[in-house]
Amino acid sequence: MKLKRLIFLILGCICLGIGCIGIVLPVLPTVPFFLATVFFFANSSKKLHDWFVGTGMYKKHLESFVQKKGMTVQTKTAVIASVTALMGFGFAMMLWKEIYIPCVILAVVWLCHVIYFVFGVKTIRTGHFSTEPEGRG
């Protein structure tokens, strides 16, 4: 039983590290790694799970998303803008070196990313995040 908890702890720390790197490098998807961190920490230690859920990083990047509330326009815009800037730089460098197939792949990944955030992630209004279902007041 302790080996299982240790494995979950190690995997949680790895996912946390990759997720933190993903904050700085938008090419890495932050949300899936933080969701995996929550899963692994919850299965390794209640204390670690509670700690991670209480961090500002979790509250800023995941809390509204995990609770199926979506993201604010500002958060969506920041994510899309940073990913566009980073991928645009990579695209320009590959285009400059006349590497066309990876350019097409990167363009498709970027397009899927934008489509997901615009249409797949619900937009919430600032200040309207609560645990109450919509329609109740």
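In this predicted model, Val38 lies in helix α2, a helix that spans residues 30–44. Val38 counts as buried because its relative accessibility is 16%, and buried means under 20%. Between Val38 and Leu48 there are 8.8 Å in space, C-alpha to C-alpha, and the two are ten residues apart in sequence.

Helix α2 also takes part in the largest pocket, as one of the helices that each supply at least two residues of its lining. The space in this pocket comes to about 540 Å³. Its lining is made up of 24 residues, and those nearest the centre are Thr30, Val31, Val79, His113 and Phe117. Helix α6 gives the largest share of the lining, six residues. The other helices that each supply at least two lining residues include α1, α4 (56–61) and α7 (100–120). The classes of the lining residues are set out below.

| Class of lining residue | Number in the largest pocket |
|---|---|
| Nonpolar | 17 residues |
| Polar | six residues |

Helix α1 covers residues 2–24 and holds Leu9. Which accessibility class does Leu9 fall into? Leu9 counts as partly exposed because its relative accessibility is 31%, and this class lies between under 20% and over 50%. Leu9 belongs to a nonpolar patch on the surface, together with Leu3, Leu6, Ile7, Ile10, Leu11 and Ile14. The accessible area of these patch residues together is about 590 Å².

Definitions and conventions: Residues are numbered from 1 along each chain as its sequence is written. This is a predicted model: local features need pLDDT of at least 70, side-chain atom pairs count only at pLDDT 80 or more; totals for chains, interfaces and linings use all residues. Side-chain values use heavy atoms; hydrogens and water are left out. Patches are made of residues with over 30% relative accessible area and no salt bridge: like charges are joined within 9 Å, nonpolar side chains (Val, Leu, Ile, Met, Phe, Trp, Tyr) within 5 Å. Accessible areas come from the Shrake-Rupley method with a 1.4 Å probe; for residues, only the protein chains shown count as cover. A salt bridge is a side-chain nitrogen of Lys or Arg within 4 Å of a carboxyl oxygen of Asp or Glu. Helices (H or I, at least four residues) and strands (E, at least two) are DSSP runs, numbered from the N terminus. Buried means under 20% relative accessible area, exposed over 50%, partly exposed in between (1.4 Å probe, protein chains only). On a 1 Å grid over the protein atoms alone, a cavity is a set of points where a 1.4 Å probe fits but cannot get out, and a pocket is an open set with protein on both sides within 12 Å along at least five of seven lines; lining residues have an atom within 4 Å of a point. Grid points are joined across faces, edges and corners, and a volume is the space filled by probe spheres set on the points. Ala, Val, Leu, Ile, Met, Phe, Trp, Tyr, Cys and Pro count as nonpolar, Asp, Glu, Lys and Arg as charged, and the others, Gly among them, as polar.
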